[in-house]
Each structure stands twice: as C-alpha cells, then as structure tokens.
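Colleague: Please take a close look at one part of this model for me and go through it pair by pair. Give the cut-offs as you go.

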Amino acid sequence: METVDWLVVGGYFALLAGLAWWVIRQSKDTSDDYFLAGHSLGWFIVGASIFASNIGSEHLVGLAGSGATDGVAMAHYELHAWCLLVLAWVLVPFYARSQVFTMPQFLERRFSPASRYTLSVISLVAYVVTKIAVGIFAGGIVFSVLLPELSFAGLNSFWIGSILVLVVTGLYTVLGGFRAVAYTETLQTIILIVGSALVTYYGLKYVGGWSGLRETIGSEMFNLWKPLTAIGADGQALPMEWAPVEEVNENGDLVRQAWYFNGNYPWLGMLFCAPIIGLWYWCTDQYIVQRALGAENETQARRGSIFAALLKLLPVFIFIVPGMICFGLIMKSQSGAVEGMDFSEMLHEDGAIKESGKAFPLMVKNVLPAGVRGLVVAGLLSALMSSLAGVFNACSTLFTIDLYKKFAPEASEKRLVQVGRWATVAMVLIGMAWIPVIQGSKGLYDYLQSVQGYLAPPIFVVFFLGIAWKRLNAQGCLAALLVGFAMGIFRLGVDTPPKIYENFAYAEGSFFWVVNKIYFQYFSLLITVVSAVAMIVVSYLTREPDYQRFQGLTYGVVSEEEKRTTRESWGGADVALSGLVLVLILAAYLYFQG
C-alpha cells in the first residue's frame, strides 16, 4: 500500500461516512423505518442492496480461493441468478400481500406462531455460525495479507482487521438501521464491481489473456460438471464403490472410495442439492428478502430482484476467475515465466496450495498498480462491510420483531429500536466466538456452503410446499422444521470436533466416521427428503387447515382481485430482462464444460 492507495481508501471512507450520516439524519425513530426503511426503496436500491449483501466476505475471500483450487466448480452457486427470478415472479406477490417484516412472520400467517418462533431461532443460529463469523474472519484475512506487520496491544493484523471492520460497520448499522444499510450497500456495490473487475483485467494481462489462462491451468479447471467419483492418481475417475470405504496406497494416492464420500463437487450434488440451497437463500432468507420487503410496492420489489439477478452473473468473472488467475500465476512463478510476485503466504514448502483464502488479497498485492490497488482494497472493505451490515440488521429485525415484540406487545416504537440495536451487539460477540471453527475448515466458501446445506432444507421445504400446497397445515410445518433442524445440527455437531482439535479423528468404519465422510450435499438432500415426507405425512394425519385464515398466501386461495393486482404490477420490460438472465445462464453452462 502506497500513499496514493491510502488516499483512495480514505476518500472511500469519507464518502461512506457522508452518505451514512445523511441517511441517518433522514431516519425516523420508528420500527417500520428502522427495520424496513419505511417501505420507501426503489428498484435500483433493492437490486444493488441484494447484490451487496450477498457479495460479501465469503465471495471475495472464499470464492476466489475455491477458484484457485477447484476452478469454476463453485460457479454453480453463482449461476443461481435464476433463483432471484423465482423470488421476483413467484414469491414477491405472496410477500407483498402478507405485509410482514420478517420471514418467520410470514410462516405465522401461513401456519402458526410455533413455526414462527422455530424459524426465528433456526435463522439466528444460522446467521451466527455462517454470515457473522465468516464476515469477521474474512476481514481479518484481508488485513493479515495487506498489512501483515500491523500489531497493537498483543493483537496481530488478523484480529485488528476483524475488530476494525466490525466496529465501523456496526456503528452505522446500529445508528441508521435498514435505511442506512440499503443506501450504503448501493455505493459499495459500485465500488465492489469496478474494483474486482480491475483485478480480473490486470490479472489476465499478466497471465497472457484468456487463452493464456486456459493453457496454463488446463481445461479441467473450466469444467462445471465434475465426475461422480473421485479422480485417482492416473487422472481417471475411480470405479463406483457403494461400501463405506476410503483407501490410499503407500504413496498416499486414493485408490478406493465410496462415491458418496467424494467431495470434489460431483455433478449429482450440484444438480440437485445446490438449487435447494439457492432457493432457500434467495427466496426465503430474511437476510436477502428483507430488501424486497422494504420496497415501495410489488413492482419495485420485482424489478429490484430482476436487477439483482443480472448483477449476480458477475461473480464468476470478478471473483472465481481472479482465483484461477492466481493459480496460473503461481504456476508461472514456479516455472520462472513471471518474476517479482510472491505467493508464498498461501503455499506449502512443496508448492501446494495451503491457504486458498488468501488468493484474492494476494492478487491485489501482486498485480495491481498504485492507486488502483487502493480502489480495490476499498472494494474489498465494501464487500466485508456490506455483508456484515446486512446480517446485523437482519438479526436485529428477527430478534426484535419475532421474539421480543411477541413477549412485550406493548413496547413503544423507541423501545423496539433500542432492543434491535442491543441485539446486534450481542450477535457480534457470539459470532466472534465461532471464528476458531472456521479457521479449521477446508476453505471459507466450503465451510459456508456445508453449514447452509445442513440448515437450509427444512426451511426450503416449508416455504415452497406451504405456498404450493394449501392442504399442508401447521402441524406438518412444525414437524418438518424440527426434524430437519435436528438432522442438520446433528451433522454440524459431528463435523465440528475434527475442525477444532488438530489430532481428532473418528475411528475408521464407525458410524460417526461414515456420517462425517458423507459429502455434505448428499446429506443435505437426505434432510430435504425427510423434511418433506414429515411435513406431508403429519399434515394428512391431522386436521385440514382453515383456508380463510391464510387467504392470498398460497396457491388455491388467491382471489381474482389479488391475481389482477399482481398482473398489473409487471410489464414487457420485466419479462425481457428475465429472459436475458436465463439466456446468459444457459450460455455460461454451455461454455464451462472443460
């Protein structure tokens, strides 16, 4: 970092502070304004805010890291822009009719108060072990790479960076609420896209362009569809093996493995499990949907979601590709084809990748000229701060509206805002305690996807089956949530000890060893099936619901007037842009086949 870089970063913070201060002064001390920006957001703010909330630490640090180790395999999750179209066209009308603050509130309207409380608790747990802790951890990684010598009061640059990002983000989130989050995220989206695109541009210049990248790292890194079984030492896929085994030869090469143990993003898991996580995240998660709930009306919510879908196609090229370029530059550095670059921080002594999470910040450090580096660092900080700000506000909304307000219905508007602020502070402290678990995982993005894979299925089931099937009732919903959540926590509990304790290992062939070895996507599919069966069976074994109670909240009980209102809320431009998103996704799938 040179002087001009620091000036650019300082300018970014000054601009952010000015915008935050202006928004805070516009805010009103009411729960509607603090948690949903007074339903005043237009489509551009909605779409940019959705994108900035999603594109956070796990992408800049984790997704680029996965690009360095596994190529475009994780692009499946980024090509889930079509899930935002499902939000726009299928779910926004139901959410708009419900007039709710939170997703658990919607479940209460559709099913019962018990399902609301259950989802609130599940969501808060999920935010603590994924989004909050991951955001803090990634902030530390960025600072440890860019300012490795920084230390204060016995803390190294990792912890100083984590705490600094935390304090600055928490400050404007606590003071300004959702309105401050949404407007600052719009600014951060612009800086993030421009900065990350510059990393791709300069990286391609060093590696020899797109064709040079393909030639350097090999075509397999450009293949979205990985084999069902693991790749052996000879470069061929291992035979299908049903027995729960995993064997290596004297050279440490894998020679035999159960196909459901293979964790190299096999096509079966990506085809069936990844969409479940995607639909849960984009269509039912408070963290994302809160932006659509804060829109001015149904039209703005839909257009904002479609705009976010277009933006969502960018991460493949501005996050995954820089990771792949990083891998290519490492190979060129080792062969002497390029000089003056230092990637030693992410490599073992034998040259193998050790800390893939440092790929993006090391690209910033090695390939960017002065001035541009400052802009990209501002983009890095934008991503870290926007994702944290979004989850802070989502947590405070869930806790205050779904839990506190239920037990204190007479609380004043001012009191609700105060409770929301204190809830944010508490979630941050709990999240910091979870960081050691993430430090022991394979990679930041892998950690995030696996935990979401355990917690998402029952929520996906109750929302989508609940909206599509009017016969399903409150008892079935609660059964699906409890059974699915119990299975997810069980698997998370089995996975955690080996990550915390360095020498911990389950006895080979034991029940816990098998559970720990099953690829997380397959276990996620199992949770989905069990949750769906529980919901359907319990619903049909119990009393038929009162359909008038949830009028307009599920197919089969939508009035003609409600249908007409929805039809009048969209036009030809909305359809055309949605079609463009689908064409671009199809083009990406056709290109990335190795």
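Modeller: Lys-226 and Glu-220 form a salt bridge through their side chains, at 3.6 Å from N to O; the term requires a side-chain nitrogen of Lys or Arg within 4 Å of a carboxyl oxygen of Asp or Glu. The model is predicted, so local features need pLDDT of at least 70 and side-chain atom pairs count only at pLDDT 80 or more, while totals for chains, interfaces and linings use all residues. Residues are numbered from 1 along each chain as its sequence is written, and side-chain values use heavy atoms, with hydrogens and water left out.

Lys-226 is buried at a relative accessible area of 5%, whereas Glu-220 is partly exposed at 43%. Buried stands for under 20% relative accessible area, exposed for over 50%, and partly exposed for the range in between, with a 1.4 Å probe and protein chains only.

In the pair Arg-256 and Glu-241, the N to O distance is 2.9 Å. Arg-256 belongs to strand β2 (residues 254-257) and Glu-241 to the loop between α10 (209-217) and β1 (246-248), so this bridge ties together parts 15 residues apart in sequence. Elements are DSSP runs numbered from the N terminus: helices are H or I with at least four residues, strands E with at least two.

Salt bridges with shared partners link Glu-108, Arg-116 and Asp-402 into one network. Glu-108 is buried at 14% relative accessibility, and Arg-116 is buried at 4%. The whole structure has 12 salt bridges.

The second largest cavity takes in residues of the helices α7 (103-110), α8 (113-146) and α11 (267-284), each giving two or more to the lining. A cavity is a set of points on a 1 Å grid over the protein atoms alone where a 1.4 Å probe fits but cannot get out, and lining residues have an atom within 4 Å of a point. Among the lining residues are Met-103, Tyr-127, Trp-280 and Asp-285. The largest contribution, 3 residues, comes from α8.

Of the 18 residues of α11, 14 are buried. This helix bends by about 35° at Cys-273, with Pro-275 following within four residues; the bend is the angle between axes fitted to the seven residues ending at a residue and the seven starting there.

Notes:
On a 1 Å grid over the protein atoms alone, a cavity is a set of points where a 1.4 Å probe fits but cannot get out, and a pocket is an open set with protein on both sides within 12 Å along at least five of seven lines; lining residues have an atom within 4 Å of a point.
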